[in-house]
Amino acid sequence: MQRWRPEQWSELMLILMLLLVAVLQSASGQAPHSNNNSTIVKSRHFQTNNNCQRRLFWHIPAKETCPAEILPLRGTVYILYDVNISEGFNLRRDVYIRMAVFVRRLRRRKRFQNVRLVLPPWPRLYHWHSHGLAQNDLLWRNFFDLASLRRYAPVLDYDEFVAEYRMFGMPAPPYVHVSQVFRLTHYEIMMEQGVFRDKYERVTVPDTDGQRTDACKEKSISGGPLLQQRLLRYGRYHCVRFQGSAGLLERMLREAIAEDTAGVDDAYDMRVYAVLSAETVLHDNWGDEHFWMARRSMRFAQTLNQVAADFRLLSLSTTDTSAGVQRPAMWELERPKRDARGGDYLCAHLRRGDFVKSRESTTPTLKAAAQQIKQLLRAFNLSTVFVASDATPYELLELKELFYRFRFVHFTPESNAQRHQLKDGGVAIVDQLICSYARHFVGTYESTFTYRIYEEREILGFSKSSTFNTFCKALGGNCARNAVWPIVWNDDDEKFY
């Protein structure tokens with residue numbers, strides 16, 4: 001019979017004492033540590049760094065081990081996204097609506113009740129030509145009212161996301177670890193036997209050097225420069241052929257969460273995922289009441305609203321009251337309206353730049369545009385035209401000379417300080433806000449800048465006939481017109497016809 005040595009007895013006693021302590025602490029509901037610091041448990045693959053998700057064998061209640069500020073974030077899923085680097089400011093706004101509607105609906109699902117949409121920093125865009133301005137990695141609060149956005153969907157500006165992520169126990173760079181990145185690309189053949197089907201698949205397409213094709217290279221910024229953020233690191237990178245609406249993203253995210261979940265212990269750990277080239281995703285229901293609720297929530301930053309209001313008052317003698325528009329303090333208080341009068345001026349958005357060559361068949365010359373504008377001024381008995389345009393200073397001077405019997409108005413920052421404050425994106429928004437209050441508006445064919453003005457005027461309460469107007473290539477000719485999509489109000493709003 002084997003005899004127990006003294007040192008073995010001491011080891012056995014130590015084990016028994018530890019088990020006794022664990023049982024006593026389980027009965028009292030206290031965590032097994034002597035100070036007030038939270039228990040930090042790191043998950044595999046560094047995928048969560050969540051301080052309070054794991055439950056050890058004595059089942060400590062989360063509320064007794066989690067800091068109060070982290071407990072509400074249990075199970076949070078952060079969705080980062082970005083857009084093709086070549087896309088402009090106004091198409092990016094439309095992509096936001098797709099993602100915001102998707103995330104708002106996603107919150108109804110049990111696993112996504114704590115979902116957050118992280119707004120991508122604005123890179124220096126193609127249309128932002130001004131030099132000497134800090135126009136890279138701009139936050140959304142520079143252009144939009146975040147409080148208004150949040151009353152529709154759970155969104156975070158990028159710096160807010162980094163600050164919230166640090167609460168999970170990341171005190172030093174790199175702060176953010178993205179578990180999986182999905183770079184979306186189109187299918188080469190979109191129709192199957194004449195039918196468009198929602199579908200996606202992960203693909204690996206190496207080239208001769210063993211690297212991914214240009215569309216899916218990890219270091220490429222074509223899908224958006226999000227991964228270039230210095231505080232961000234990512235794990236797995238997937239090239240995904242994607243065809244369908246935003247709702248299809250839920251399937252893709254659920255698949256990713258299942259891959260990142262080892263068992264019940266980490267089923268509700270915090271997750272971070274990124275979707276690049278999000279413009280590939282289609283609207284779930286374009287133009288319905290959900291689209292318009294998201295669009296109405298996109299109120300501009302108060303600074304930009306004030307600059308536009310001051311200009312309208314001083315240069316165009318127009319106020320909210322005189323224009324007869326609706327602009328309540330909260331977008332939720334807006335109601336169907338069609339009798340806005342507008343200020344005593346006409347607004348024309350005349351797109352130049354790349355449209356002069358890429359859309360030569362539909363873009364009028366300066367002379368042809370001036371002829372059409374003057375015809376509208378006479379028809380509405382107006383003497384003032386406000387022009388929003390990306391034309392060069394020389395083109396603007398040439399255009400102004402064509403209105404020698406009319407008043408020609410164009411917005412430019414009143415000082416270098418205001419120019420630095422607004423930046424090119426802010427100037428464009430001020431242009432849109434001024435055009436939105438005009439008696440009559442005419443825009444450029446297939447321009448997203450024009451589309452955003454259409455939408456703003458629909459919200460403010462103008463008639464469709466004063467809003468959905470398009471320049472022709474030449475005066476008096478038959479030409480293609482932009483589509484008319486009137487605003488759709490919620491089911492519980494008063495019907496208006």
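1. The four-stranded sheet. In this predicted model, 4 strands form an open sheet in the order β12-β11-β10-β13. Their pairing is parallel. Look at the two ends of that order. β12 (407–409) and β13 (438–442) are the edge strands, each with a single partner, so one side of each has no neighbour in the sheet. From one strand to the next, the twist averages 25 degrees.

2. One pairing in detail. Take strand β10, residues 343–350. β10 pairs with β13 in the parallel sense, over 4 bridges. Which residue of β13 is the bridge partner of Cys347? It is Phe441. Find these two on the structure and you have located the pairing. As a reminder, strands of a sheet pair through backbone hydrogen bonds, either parallel or antiparallel.

3. Helix α7 covers residues 302–316. It lies across β10, β11 (384–389) and β12. Its direction is at about 165 degrees to β12. Helix α11, residues 393–401, also lies across β10, β11 and β12. For α11, the angle to β12 is about 160 degrees.

4. The seven-stranded sheet. Another open sheet has 7 strands, in the order β3-β2-β1-β9-β4-β8-β7. Here the pairing is mixed. Which strands stand at the edges? They are β3 (155–156) and β7 (199–203), and each pairs on one side only.

5. The β3 end. Strand β2, residues 115–118, runs parallel to β3, and 2 bridges join them. Leu117 stands opposite Val155 in β3. Helix α2 (residues 89–106) packs on this sheet and touches β1 (77–81), β2 and β3. The direction of α2 makes about 165 degrees with that of β1.

6. The largest pocket. This pocket holds about 1200 Å³ of space. Its lining has 46 residues. Which of them lie nearest the centre? Asn90, His127, Arg351, Asp390 and Phe449 do. By type, the lining divides into 19 nonpolar, 14 polar and 13 charged residues.

7. Where the pocket lining comes from. α2, β11, α11, α12 (416–436) and α13 (448–460) each supply at least two lining residues. α12 gives the most, with 6 residues.

8. The cavities. How many cavities of 30 Å³ or more does a search of the whole structure find? It finds 3.

9. The whole chain. The protein chain has 13 helices and 13 strands. Of its 497 residues, 51% count as buried. Now take contacts between residues at least 6 apart in sequence. Of these, 75% join residues at least 24 apart.

Methods: Residues are numbered from 1 along each chain as its sequence is written. This is a predicted model: local features need pLDDT of at least 70, side-chain atom pairs count only at pLDDT 80 or more; totals for chains, interfaces and linings use all residues. Side-chain values use heavy atoms; hydrogens and water are left out. On a 1 Å grid over the protein atoms alone, a cavity is a set of points where a 1.4 Å probe fits but cannot get out, and a pocket is an open set with protein on both sides within 12 Å along at least five of seven lines; lining residues have an atom within 4 Å of a point. Grid points are joined across faces, edges and corners, and a volume is the space filled by probe spheres set on the points. Two strands pair if DSSP finds at least two bridges between them. Axes are lines fitted to C-alpha atoms, for helices over the stretch in contact, and angles run from 0 to 180 degrees between N-to-C directions. Contact means heavy atoms within 4.5 Å. Buried means under 20% relative accessible area, exposed over 50%, partly exposed in between (1.4 Å probe, protein chains only). Ala, Val, Leu, Ile, Met, Phe, Trp, Tyr, Cys and Pro count as nonpolar, Asp, Glu, Lys and Arg as charged, and the others, Gly among them, as polar.
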